[in-house]
Amino acid sequence: MKKIVVSLLILFAVLSFARTIKIGAVLPLSDITGRQAANAMKLAVKEVNEAGGVLGMQLELFIVDDEMKPEKGAAAIDRLATVEKVDFFVGGMSSSVHLAQIPILKKYQKITVWIGAASYRCEEAIGPDADWYFHLHPWDYLQGESYAHGWRAITEKYPQVKIEKIFLAYEEGAFGTSSFKSYQDEFELAKKGTGVWTGLMKDLKGASFKSAALGGGDYRAVLLQAKQYNPDLFIWAGYDADAIPILVQAKEIGFAPKLFVGAPPGWPADFGKNPLSHGVILYGMWAPALKDVSPVAKHFWDAYVKEFNEEPATYFAPLGYTNIMFLVEGIKKAGSLDREAIIKALREIEYDSPVGGVLKISPSRIIKNQGFRAQKILQWQNGVQHVIWPFEYQTAELIYPFPGWEGR
Amino acid sequence: MRMRYIFIPAICVLCFVLPFFIDAYLVHVLTSIMIFLSLALSWDMMLRTGQLSFGIAGFFGLGAYASIIAVDDFSVHPMLSILVAAVFAALVAFALGWIVLRLREIYFAITTLALSSVFMIFARNLSDLTGGSAGKVLYESIFGGDPIRTYWLVLSVTLAVILLSEIFQRSRIRFAINSIRDDEISAKCSGVNIFKYLLFAFVLTSAIQGAVGALYAQQYAFVEPESTFSANFLLLPMSMALVGGIYSTIGPIIGALALGLASEYLKLLMPYGHLIIYGLILIVTILFLPRGVYGTITDRMVKKR
Amino acid sequence: MDKKTIGYIVLVVVLLLVALLRPYAFFYGLQRGSLYGLVALPLALILGIVGLLNLAHGEFLTLSLYLTYVLFDKFGVDPAASSLLTFPILFAFGLLVYKLVIERSLKFHHLNLLLLTFGVSIVMVESFNILWTSRPRNIYTPYATTSIRVFGIHVGAYEFVYTLLAFLVLVGLLVFLKKTRLGQAAYAVGQNPKGAALVGINVKLVYAFVFGLSAALVALAGSFLSVRSSIFPHVGGPFTMKSFSLTAMAGLGNLFGIVLAGIVLAIAEEVVKSIPGYAGWADLVFFAVLIIAIVVRAFGRREG
């Protein structure tokens with residue numbers, strides 16, 4: 001009798017201490033990017049748990065809002081580590097918030113898979129020794145390099161396209177300025193005959209503006225300079241609030257370059273509806289149209305819409321899903337929760353992501369574990385974002401040159 | 001009276017040993033609260049002279065930049081850089097004070113706000129010195145990121161600020177300051193050198209703000225124009241002082257603890273929309289406790305007598 | 001000729017020079033500055049008459065922008081025409097905020113009122129965020145992008161509407177304050193609330209009306225701004241401090257000076273922005289001129 005009671009007690013003890021794998025996410029929940037990334041992460045966790053979990057354990061996801069404030073983002077890491085006692089850190093969006101989190105992350109050295117922070121300053125802050133740190137979002141300079149590859153491919157496929165004179169209008173904050181810096185660095189290399197833009201970029205000019213998101217929104221002085229310079233490719237690096245006003249003002253002053261490119265991290269809700277949007281080229285990581293050419297993207301789209309009754313509106317949605325799935329694949333391959341095994345596994349796996357690309361880890365300038373290295377070149381056509389490059393994900397032919405303002 | 005001599009040192013000791021009994025998260029939250037508390041107190045100290053300053057974020061940012069540049073470019077020890085930041089902020093305040101302290105009321109307020117923006121513009125544009133829009137990062141946080149040592153340092157500075165605030169409240173200086181606040185013209189007629197006191201208060205409070213900025217920058221090991229000069233470092237300390245009770249030392253302490261803890265825990269309870277509750281708390285508190293928490297308590301105590 | 005007239009003549013000459021040498025900067029500055037002045041006038045109204053700095057001022061603008069957007073998106077109402085609707089709606093909203101929050105706090109320390117409006121602004125921004133998320137909205141109308149030829153250059157035509165509105169509102173307010181009974185009562189309250197109450201003016205009624213009127217005037221600006229600006233929760237925020245700056249620079253009660261200050265500052269900003277490489281310093285011009293104007297006036301008064 002005693003034996004039965006004891007074994008029942010042991011069974012009970014084992015079951016009640018059944019381990020879950022705890023993942024801690026820090027995201028800006030008040031912003032659309034953080035909100036949808038959080039949703040996508042919850043979706044991924046739900047899918048994994050319904051399929052039986054990982055290594056026989058269920059996943060538990062804890063999400064803390066960083067409120068887009070550095071000290072709150074940093075405190076969130078401390079909270080997840082010491083109160084929820086998570087095993088992994090995921091999430092991220094803003095570079096300046098991440099700068100404050102980096103010293104705290106270095107304190108705990110838990111495996112961190114980060115989908116935010118494009119600024120090179122963050123890479124500098126992390127340093128070369130952080131084996132536990134995996135960065136999925138392409139760094140700003142990596143994005144710049146990928147566009148060179150993209151334009152080279154495009155000018156080969158469409159020989160009438162040339163991009164020798166480039167004008168970059170950049171917002172005066174950290175995001176815009178580091179974009180401009182990357183372009184300038186690449187231009188210096190191209191002048192010497194080295195670097196990925198050699199033979200493509202022959203002249204570069206830039207001018208700064210105050211973004212509409214921060215109380216500006218008047219680009220006419222910059223657009224006038226661009227008009228005078230008469231570039232082959234005009235590109236603006238700002239925020240979603242700038243997307244339509246900059247088009248409106250370009251129309252107003254009669255500036256219609258052959259290639260009108262926008263590179264904000266997100267697009268406003270009514271951009272497609274606006275007749276001025278047709279023909280605008282954009283740099284991005286993802287487009288809704290990918291669901292027509294990629295089964296993984298389609299699965300994510302359908303599942304997200306079903307679960308949350310809204311459409312993914314930002315690349316942070318599929319990226320958030322990727323964040324969790326990639327980590328899960330790594331744990332599965334490692335076969336255990338051993339830190340070194342997981343680090344090794346994450347470095348080896350290839351994950352086909354709904355963002356539209358295969359995720360594989362390789363070193364970047366300073367850190368060892370960099371994920372995505374490229375963005376895509378897309379174009380708005382009749383209210384829909386279409387992928388132009390990479391060609392294996394292309395969903396429409398390029399419209400060149402930019403249609404001009406007549407009749408809009 | 002005598003209770004105070006036991007009570008206060010006991011609280012101080014308690015504050016110092018607290019980190020050993022709580023988790024790193026709470027230590028972090030308390031460290032943040034103390035930063036905002038020091039700012040709130042420095043704002044209140046200026047307010048006691050009758051001057052409404054909107055410039056605290058500006059001197060906070062100046063101190064942060066001074067501290068990071070000192071450590072990065074001049075190999076100053078991080079702890080010493082806090083002193084450097086305080087002195088730098090004080091010098092700037094001294095120089096500007098000769099012009100700015102002739103202004104009163106909304107004109108003083110808007111000018112100090114404009115100055116904060118001017119500092120930010122300089123930080124953003126003088127890229128060679130300040131790292132420009134991308135900012136500057138240090139390789140390491142102060143004390144290698146040790147949260148408890150950081151907490152102790154911030155606690156020490158905060159206790160010093162509390163002490164300064166109490167000196168302002170209790171020493172002979174308070175007669176001059178209160179008289180300036182109540183009626184400048186009479187004060188002048190009584191022989192009070194208004195400008196001297198205003199300049200002193202301005203320089204002292206700016207030095208505090210600079211030191212606190214340095215603490216913040218050293219803790220997170222970076223500066224960046226947009227986040228370092230953020231309006232949060234003006235609006236939150238002001239709210240804390242007002243909610244807790246202005247013209248006092250305990251008021252801002254109560255306000256900082258209440259609002260600081262509330263904002264952190266509200267967001268954990270309500271991931272979406274917690275800021276609405278925070279705004280409502282501000283509104284309701286002011287409507288029903290117009291003299292702040294501490295002010296209302298002292299009013300009640302006066303009534304009881 | 002006194003100092004003031006000389007000052008104005010110098011100003012006109014400088015502006016003419018700018019118009020000749022940098023015509024784009026002149027016209028863009030004129031347009032933008034009129035917008036700043038237009039939005040600043042309602043804030044000056046509350047500041048002068050109620051003695052309150054309304055930190056939720058920019059959020060009233062955001063509210064009017066969202067209202068215009070909803071009217072356009074759901075009911076197809078033309079944004080300019082919707083100003084006829086947003087004007088009374090915002091008037092009612094201003095009255096509501098006044099009654100709920102401001103009226104019972106009037107006897108408090110003026111800083112409490114500041115904090116109250118700060119609380120209101122937080123609640124408003126967060127409500128917008130919950131209702132419409134942080135993703136910007138935009139309204140497109142073809143007429144918002146038309147341009148005309150002025151002195152041989154292509155300038156956007158639509159934004160001159162801000163200049164028109166600014167002067168209409170300016171004249172309207174001056175007429176209101178000087179010629180109508182309610183306006184004169186408001187003016188008296190602004191000068192001396194206690195004295196005004198003594199002569200029988202219903203101070204609370206005046207305050208309520210002024211608050212409502214201020215919100216309604218902001219709505220006017222918002223409806224016309226809606227076709228040119230992205231609409232998102234924080235869009236109005238920067239306007240609060242800009243309005244406050246212009247009011248402080250011109251001096252309370254100097255309504256014409258507020259609009260003029262807005263235009264002059266915006267032109268100065270545009271001139272700096274048109275110099276390649278110096279755009280980042282354009283903000284500095286705004287603040288430097290602001291500080292200088294306030295300091296010079298303060299020192300001038302002492303000598304006078």
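Let's start with a term: a salt bridge is a side-chain nitrogen of Lys or Arg within 4 Å of a carboxyl oxygen of Asp or Glu. Keep that cut-off in mind, and now look at A:E252 and C:R228. Their closest N and O atoms are 2.6 Å apart, so this pair counts as a salt bridge under the 4 Å rule.

Before going on, please remember that we are looking at a predicted model. How confident is the predictor about chain A? The mean pLDDT of chain A is 92, and 98% of its residues reach 70 or more. Among the elements of chain A, strand β3 (residues 88-91) has the highest mean pLDDT, 98, while helix α1 (residues 2-16) has the lowest, 68.

Back to where the two chains meet. How many salt bridges are there between chain A and chain C? The count is five. The rule also finds 15 residue pairs in polar contact across this interface, with both residues at pLDDT 80 or more.

Which elements of chain A touch chain C? Those giving two or more residues to that side are α2 (32-50), α8 (220-229) and α9 (243-253). Of these, α9(A) gives the most, with seven residues. Sorted by class, the side of chain A that touches chain C has 17 nonpolar, eight polar and twelve charged residues.

Let's finish with the whole interface. Here 37 residues of chain A are in contact with 32 residues of chain C. The area buried between them is about 2900 Å², and carbon and sulfur atoms give 49% of it. In chain A, our friend A:E252 is back: together with A:D218 and A:R220, A:E252 is among the residues that lose the most area to chain C, and the three make up 19% of what that side buries.

Definitions and conventions: Residues numbered from 1 in each chain as written. Chains lettered and ligands numbered in written order. Heavy atoms only, no water. Contact = heavy atoms within 4.5 Å. Buried area = accessible area lost by both parts, 1.4 Å probe. Polar contact = N/O pair within 3.5 Å; in protein donor to acceptor, adjacent residues only side chain to side chain. Helix = DSSP H or I, 4+ residues; strand = E, 2+ residues; numbered from the N terminus. Nonpolar A, V, L, I, M, F, W, Y, C, P; charged D, E, K, R; others polar. pLDDT = per-residue confidence, 0-100.
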